[in-house]
Amino acid sequence: MSPLIVCPACDLAQRRATAPPGGRAHCARCRATLQRPENAAIDTAISWALCALVLLLLSNAYPLVAMQVNGSSRETTLAGAALGLYAQGYASLAALVFLTTVAAPLLQILTVLYVLIPLRRRRHAPGQNAVLRVLTRVRPWSFMEVFMLGALVALVRLAKFAHIEPGISLWSCVLLMLCLSALTSLTPPQQLWRWVERNGA
Amino acid sequence: MSSPATGRSLGLLLCLDCHATVRGGSAPALRCPRCHAHLHERKPHSLAVTTALVVSAAVLYVPANILPVMDTRTIFDDENDTIMSGVLVLLHSGSWPIAMLVFIASIVVPLLKILALGVLLYSAWRRSPRHRLQRSALFRMVEFIGRWSMLDIYAISLLATLVQVRSFASVIVGWGAWAFAAVVVLTLIAARTFDERLLWDPPQHD
């Protein structure tokens, strides 16, 4: 490994420093984070990813909320929110919602698992580098926590004139949001590449 | 003040995907030996691409705020809501914390993002050496808050999906929502095409 590190935010070359336990190494010039402490093991990342995968499946299998008004009832799942937009002819909006709440989180989870599970046994998954590049592109578009806040806003607006029944999936979405945040902070691309390097076949 | 050693002055390239440091100078079409991503000393055409995205976002900000984002039809009335009137509805129904949240995420944040990116682009064009630390911090804030503007889009998508009770009430999405989503996505992409290292490049270069 090169003894020099170049700051991604200001291009300053400086000696590589390891982050203190529980802290971070910052760029001497622009204060950007250069290195996070490595306190996670591959197994920890895998367990968060598996947990998130189960919750994501649950969130799409069960209703998020049900609305009762005038004796009739309507419900939606996580993916259903995107379908509602599609049904109204806004295909691009529907694609955006689907990408950021279902596809990106799912891809994020699957790519992490695909690369890390063989890596535990010091093996490299076929196409590992391409998969990691997909992860790097997809990761910034996983917006689960924003979706949850949006759902809160929608429920507040609806509560005025309808009876709202929270579904199983509402709770699994909250847990999913937490799992995804943990997974995202444990597996920045740089960390994944460090694991790949260290567990070279 | 002598200029400090930078990746550029030492001929070191940083892979933005995997953060490997690569010795390479400015050879074209160079790839990262570790992850095979394309390597560039600076993101290619960063200022031009980012400017185009920010200008488009600024133009779309107008229809996003003027056109209705949703049309709520009930048996009693037919209500066209823009983003701002949606905030007022929330305010009048007594949920002011939620109203504040939507106001900040949907109106303040996109506007601030467009203005902040404009300031950053202008200072990067001029290679201004002033307030670099503050501008760097400003960019990091733009990166951090950007995604939260999607909040209203999710709220609208849920309302449009749930409120489809035949003859009693229905929510129809308006083109304002499309324009608004476009503003959010364009500014998110703009924050990714902008190369923050340009804020630190010395003025005398080239």
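Trainee: Is B:R127 buried, exposed or partly exposed?

Mentor: This is a predicted model, and in it B:R127 sits in the loop between α4 (96-126) and α5 (132-145) of chain B. A residue is buried if 20 or more other C-beta atoms lie within 10 Å of its own, and exposed if 12 or fewer do. B:R127 has 15 C-beta neighbours inside 10 Å, so it counts as partly exposed.

Trainee: What is the phi of B:R127 near?

Mentor: B:R127 is a residue other than glycine.

Trainee: Where in chain A is A:R31 found?

Mentor: A:R31 is a residue other than glycine with a positive phi, near 70 degrees. With 15 other C-beta atoms within 10 Å, A:R31 is partly exposed. The residue is found in the loop between β3 (25-26) and β4 (33-35) of chain A.

Trainee: How many helices and strands does chain A have?

Mentor: From the N terminus on, the elements of chain A run β-β-β-β-α-β-β-α-α-α-α-β-α-α. The C-alpha trace of chain A spans about 70 × 40 × 35 Å along its principal axes. Chain A has 7 helices and 7 strands.

Trainee: What percentage of the residues in chain A is buried?

Mentor: Among the contacts in chain A with a separation of 6 or more, 58% join residues 24 or more positions apart. Of the 201 residues in chain A, the buried ones make up 40%.

Trainee: How far apart are the end C-alpha atoms of α1 (residues 42-61) of chain A?

Mentor: Helix α1(A) has 20 residues, which at 1.5 Å a residue should span 28 Å.

Trainee: Which elements do the buried residues of α1(A) pack against?

Mentor: The buried residues of α1(A) are A:A45, A:W48, A:A49, A:A52, A:L55, A:L56 and A:S59. They cover an arc of only 130 degrees around the axis, so they lie on the same side of α1(A). They pack against α3 and α6 (168-186) of chain A.

Trainee: How many of the 19 residues of α7(B) are buried?

Mentor: Helix α7 (residues 175-193) of chain B reaches 27 Å from its first C-alpha to its last, close to the 27 Å expected. This helix is largely enclosed by the rest of the structure, because the number of its 19 residues that are buried is 14.

Trainee: Which strands are the edge strands of the open sheet in chain B?

Mentor: The sheet has 4 strands in the order β6-β5-β8-β7, with antiparallel pairing. Strand β5 (residues 70-74) of chain B pairs with β6(B) over 4 bridges, and B:D71 has B:N80 of β6(B) as its bridge partner. Each edge strand pairs on one side only, and these are β6 (78-81) and β7 (164-165) of chain B.

Trainee: At about what angle does α6 (residues 151-162) of chain B run to β8(B)?

Mentor: Helix α6(B) lies across β5 and β8 (169-173) of chain B. Its direction relative to β8(B) is at about 140 degrees.

Trainee: Which element supplies the largest share of the side of chain A that touches chain B?

Mentor: In the model, 50 residues of chain A are in contact with 51 residues of chain B. On the chain A side, the residues divide into 32 nonpolar, 12 polar and 6 charged. The largest share of that side, 10 residues, comes from α5(A).

How values were computed. Residues are numbered from 1 along each chain as its sequence is written. Chains are lettered from A and ligands numbered from 1 in the order in which they are written. This is a predicted model: local features need pLDDT of at least 70, side-chain atom pairs count only at pLDDT 80 or more; totals for chains, interfaces and linings use all residues. Two residues are in contact if their C-beta atoms, placed from the backbone, lie within 7 Å. Helices (H or I, at least four residues) and strands (E, at least two) are DSSP runs, numbered from the N terminus. Ala, Val, Leu, Ile, Met, Phe, Trp, Tyr, Cys and Pro count as nonpolar, Asp, Glu, Lys and Arg as charged, and the others, Gly among them, as polar. Two strands pair if DSSP finds at least two bridges between them. Axes are lines fitted to C-alpha atoms, for helices over the stretch in contact, and angles run from 0 to 180 degrees between N-to-C directions. The expected span of a helix is 1.5 Å times one less than its number of residues. The arc is that of the directions from the helix axis to the C-beta atoms.
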